[in-house]
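Reader: I'm new to this one and would like to go through it slowly. Could you show it to me before we start?

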Amino acid sequence: MIRRENPVKKETKTQKGNEAARKKMLRKAEPYFWIAPSVILMAIFILVPIVFVFRMAFSDVSKTGRIKGFAGLGNFLTVVRNSAFPIVLKNTLVWTVAVVVISTVLGFILALILNNKFHGRKIARAIVVFPWATTLVIQASVWSFIINTDYGALNTLLLRLGIIKNAVNWTPTAGAYFAWEIACGIFVTIPFVCFTVLSGLQSIDSTYYEAATVDGAGYWAKLFKITIPLVRPSLTVSTVLNIIYVFNSFPIIWTITKGDPANRTDTLVTYLYKLAFYNSEQGQAAAVSVIGFVILLVCASAYMIYTLKKGDETA
Amino acid sequence: MSEPRTSLNKTKPVSVKKVILRVLLYLVVLDICVITLYPYFVMLTSALKSRAEIFSIDGTILPITAVWQNLIDVWTLAPLGRYMLNSVLIAGGSTIIAMICGIPAAYALARMKFKGQTAFLGFVIISQMFAPVVLLVGIYKVMSILHLTNSIVGLVFINAAFNQAFTIWLLRGTFMSISPEMEQAATIDGCNRIQAMFKVLLPVAAPGIVTTLIFIFINAWNEYTVALTLISTESSKPITVGINIFNGYNMIEWQYLFAASLFAVIPVVILFMCIEKNLVSGLASGGVKG
């Protein structure tokens, strides 16, 4: 490329060398111009907040949010020693595992069902997507209306259908509330799993199934020997993303119970929100954030290794 | 299906089994649809009930008489028009900025090789781990430094930033699925890279770009947590936060809450149904290919 312009002009060697070097540098620098806007955007609004959160977690922070000095592990110790913390941690674990596991299983089954050919398949797929498109705060509001004991829609429905005689208290305990929140979480998470799996299912070559049929394989054999291994990449992606989303999910719990009574339905994110914006303990809130990162980092790094490895394979 | 010409006795049980399975399939699908739609049914019917009917001990499934007036009243009882406009501005602005930043980045990742490529991609993927809610104290600090607390502009940038991962992810997958040969031909014809991208690549990638666009719009429209924290002025609230005006401490105006919710939900659900097919294949290609 450089050689092409050589024979035309006979200028000093250094000038030409400079020109070529400049061009080469520009070529090398070009990709960075292309990614610059994105990098700047994410640096200011994601990276800087991350740095702040870490700094505040290890700092003595005033009620107004001013950093007063280094606090070492002080914030972490205060957080961990609080009697609410084990409950919150346990809730977070139960919430994440229950929502992710159950919605993955149900979403997978739903995808298998929707992958059949039947009349109205398009309509069914469009309906299934509804919960994914609805903002969580509205979805959660409807659920809290449905399960209300005094005038809730579920009691009304069951009473009118004659299934129950008297209104049932669906939320007698904090645990019951939490179970409903998990149910709501599952309900809104299923579509994402279902559609990711569905896309995996549709990319499976039908000749595999034909060959298996010839070999006399039954439905279950095909499911476990062909379908599941081949949709595993889709399932992995949806599971890891769901772990992150569900772990960090705030609106459902906030709308239905706000983590009450007495932190019995709090997860890490609702707990840190209260610490930061109700109790003005921003240092402690930041410490809870950092604890959350550490837990998620394990999952995310596994995910990153997986996707980057995959990327290398296809590249 | 495989041996239709054998004796009747042999084929009959198979077809009966098939019919049963078929009926079962339809029943299951019907159940799924009914369960999925139930919350929306509750939302709609409750939005059309009077307050007295909602709180009555003798509850009804369908409204005794549909109070369509609720759907009109919400617009005057709360600044619903203002909330909707704010949501449009926030979602629209976020989408534009996310695309302006995301398209070139996805292009570079799909078409160029450079040092730090893996690191950049790694950061993009890792950034998904940090939901805004976990970073709220940090975000709040950044926003006060930039004087963007309580501002729609601040929300626009935050939504754009937190949607970068998805934008780059989906677009990179789209770009990579398109052969670079046409762009190379255009470059030989004298186009520079930017012209080649605008004239050749982007038109071909249009379906993927539209999908990404709508997806970000929906995400930003549905965002709740950051807006709840940063925005305190009534006239700057988006619809997701604004509808809480009907959710007071002492009493909840369910009929109005749901009437307003309908207006917040319906446009988004329709948009989502438009992109559902493309989005899924985009997620799969971008996701599985890394």
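Author: Before the helices, one definition: an axis here is a line fitted to C-alpha atoms, for helices over the stretch in contact, and angles run from 0 to 180 degrees between N-to-C directions. Please also keep in mind that this is a predicted model.

Reader: Okay, so at what angle do H4 and H5 of chain B pack?

Author: Helix H4 of chain B, residues 80-111, packs against helix H5 of chain B, residues 117-127, at an angle of about 135°, and their axes lie 11 Å apart. That angle makes H4(B) oblique to H5(B), and the crossing in which H4(B) passes H5(B) is left-handed.

Reader: And which residues of H4(B) and H5(B) meet there?

Author: From H4(B) come Ala105(B), Ala108(B) and Leu109(B), which meet Gln117(B), Phe120(B) and Leu121(B) of H5(B). Sorted by class, this contact between H4(B) and H5(B) has 5 nonpolar residues and 1 polar residue, with no charged ones.

Reader: Switching topic: how many disulfides are there over all chains?

Author: A search of the whole structure finds 0 disulfides. Cys194(A) is in none, and the nearest cysteine sulfur to it, that of Cys33(B), is 11 Å away. Cys33(B) is likewise in no disulfide, its nearest cysteine sulfur being that of Cys194(A). For a disulfide, the two sulfur atoms would have to be within 2.5 Å.

Reader: Is Cys194(A) buried or exposed, and what about Cys33(B), buried or exposed?

Author: Cys194(A) is buried, with a relative accessible area of 0%. Cys33(B) has 13% relative accessibility and therefore also counts as buried, because the cut-off for buried is under 20%.

Terms used:
Residues numbered from 1 in each chain as written. Chains lettered and ligands numbered in written order. Predicted model: local features only at pLDDT ≥ 70, side-chain atom pairs only at ≥ 80, totals over all residues. Heavy atoms only, no water. Helix = DSSP H or I, 4+ residues; strand = E, 2+ residues; numbered from the N terminus. Parallel < 35°, antiparallel > 145°, perpendicular 65-115°, else oblique. Left-handed = near helix turned anticlockwise from the far one by under 90°. Contact = heavy atoms within 4.5 Å. Nonpolar A, V, L, I, M, F, W, Y, C, P; charged D, E, K, R; others polar. Buried < 20%, exposed > 50% of the residue type's maximum accessible area, 1.4 Å probe, protein only.
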